[in-house]
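Please look over the model below.

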Amino acid sequence: GTYFQLADYSEISDKVDTDFANWMTMEKGVAVIPLSPFYQSPPDSRIIRFCFAKQDDTLREAAAIINAV
């Protein structure tokens with residue numbers, strides 16, 4: 001098992017995953033993890049992952065922020 005959920009953000013942004021992850025973390029206050037650092041040759045996709053091993057209140061707050069993006 002894992003405590004991560006993958007999400008496709010291609011309808012929100014055309015930024016590469018590392019730039020999108022930085023933007024989400026710095027501008028929106030929601031930390032996301034880019035997938036490209038896990039690849040020697042990353043695929044051309046717009047997918048990030050969220051860790052959901054958090055308190056319910058934290059997840060609700062993050063969901064509200066993400067839904068507003």
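## The largest pocket

The largest pocket has 17 lining residues, and V30, A31, C51, L59 and A62 lie nearest its centre. A pocket here is an open set of points on a 1 Å grid over the protein atoms alone, where a 1.4 Å probe fits, with protein on both sides within 12 Å along at least five of seven lines; lining residues have an atom within 4 Å of a point. The volume is about 330 Å³, taken as the space filled by probe spheres set on the points.

This is a predicted model: local features need pLDDT of at least 70, side-chain atom pairs count only at pLDDT 80 or more, and totals for chains, interfaces and linings use all residues. Residues are numbered from 1 along each chain, and side-chain values use heavy atoms, without hydrogens or water.

## Lining

α2 gives the largest share of the lining, 7 residues. β3 (47–51) and α2 each supply at least two. By type, the lining has 12 nonpolar, 3 polar and 2 charged residues.

L59 sits in helix α2, residues 56–68. Its relative accessibility is 30%, so L59 counts as partly exposed (between 20% and 50%, 1.4 Å probe, protein chains only).

## F4

F4 belongs to strand β1, residues 4–8. F4 is partly exposed, at 28% relative accessible area. N22 is 18 residues from F4 along the chain, and their C-alpha atoms are 18 Å apart.

Notes. Helices (H or I, at least four residues) and strands (E, at least two) are DSSP runs, numbered from the N terminus. Ala, Val, Leu, Ile, Met, Phe, Trp, Tyr, Cys and Pro count as nonpolar, Asp, Glu, Lys and Arg as charged, and the others, Gly among them, as polar.
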